[in-house]
Amino acid sequence: DALSILKDTDDAAAPEDLVTERQLLKAKALSVSGKDDEAKAILKNVSSEYATRLQIDIAWHARDWAGAAATLAELIGPPPSSEAMKPEIAQLIISRAIALALINDSAGLEKLRSDFTPAMKNMPQAELFKMLTEADTGLPRDPSAVKSLMADVDLFQGYLENYRNLN
């Protein structure tokens, strides 16, 4: 398995960037194996956007909506000063709105709406953002309906695609 291969090929003299890549792969493999606590322990020692994405992915799959929402907030950062926003950030905002809705964090949804409505209004996800964050419409409170909206979210997929492109 991946963990065995990583262990068998461990090289203490490897360049720092390779060591970091291997730590991320090990954390992902641990997470996939259901060893989230071990994966999180590794990620505490890695400071990168990819590590943050993996933390979100682990929280999401563990259904730790509060943890996912908090880490998504870190990754998203402050609202843009202009109305222009990268599509990737818009998708992260949607994921955060879903996580906040799953824990019924009305105050968090209100803040997200007030902070990001100007930037989201011209994005393809504008209607979904409005539905998720408006108090009078909001996310369906039926857990099965909510789960169908986020069934295939895997924020770590971008990291894996980037990793494949490097090799």
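Methionine 85 is in contact (heavy atoms within 4.5 Å) with Pro80, Ala90, Ile93, Ala119, Met120 and Met123, leaving aside its neighbours within four places in sequence. This is a predicted model, where local features need pLDDT of at least 70 and side-chain atom pairs count only at pLDDT 80 or more, while totals for chains, interfaces and linings use all residues. Residues are numbered from 1 along each chain as its sequence is written, and side-chain values use heavy atoms, with hydrogens and water left out.

**Overall make-up**

- The protein chain has 10 helices and zero strands. Helices (H or I, at least four residues) and strands (E, at least two) are DSSP runs, numbered from the N terminus.
- Read from the N terminus, the order of elements is α-α-α-α-α-α-α-α-α-α.
- The chain has 167 residues, and 40% of them count as buried. Buried means under 20% relative accessible area, exposed means over 50%, and partly exposed lies in between, with a 1.4 Å probe and protein chains only.
- Take the contacts between residues at least 6 apart in sequence: 55% of them join residues at least 24 apart.
- The accessible surface is about 9,600 Å². Carbon and sulfur atoms account for 51% of this surface. The areas come from the Shrake-Rupley method with a 1.4 Å probe; for residues, only the protein chains shown count as cover.

**Nonpolar cores**

- A nonpolar core is a set of buried Ala, Val, Leu, Ile, Met, Phe, Trp, Tyr and Cys residues joined through side-chain atoms within 4.5 Å.
- The largest such core has 28 residues. Met85, Ile93 and Met120 have the most contacts inside it.
- Helix 4, helix 5, helix 6, helix 7 and helix 8 (126-133) each give two or more residues to this core.
- Helix 6 supplies the largest share, 10 residues.
- A second, separate core has 10 residues, including Ala39, Ile42, Ala51 and Ile58.

**The tryptophan pair**

- The structure holds one aromatic pair. Tryptophan 60 and tryptophan 65 form it, with 5.1 Å from centre to centre and 80° between the planes, which is edge-to-face.
- Rings of Phe, Tyr and Trp (its six-membered ring) pair if their centres lie within 6.5 Å; planes under 30 degrees apart count as stacked, over 60 as edge-to-face and the rest as tilted.
- Both tryptophan 60 and tryptophan 65 are buried.
- Tryptophan 60 sits in helix 4 (residues 49-61). Its relative accessibility is 4%, so tryptophan 60 counts as buried.
- Tryptophan 60 and serine 95 are 35 residues apart in sequence, yet their C-alpha atoms are 9.5 Å apart in space.

**Helix 2**

- Helix 2 (residues 16-32) has 17 residues. At 1.5 Å a residue it should span 24 Å, and its end C-alpha atoms are 24 Å apart, so the two agree. The expected span is 1.5 Å times one less than the number of residues.
- Among the buried residues of helix 2 are Glu21, Leu24, Ala27 and Lys28.
- An α-helix has 3.6 residues a turn, so residues three or four places apart point the same way.
- Glycine 34 follows helix 2, and its phi is positive, near 85°.

- Arginine 63 has a positive phi, near 60°, and is not a glycine. Arginine 63 lies in the loop between helix 4 and helix 5 (65-76).
- Asparagine 104 is not a glycine either, and its phi is positive at about 55°. Asparagine 104 belongs to the loop between helix 6 (87-102) and helix 7 (106-120).
- Asparagine 104 counts as exposed because its relative accessibility is 51%.
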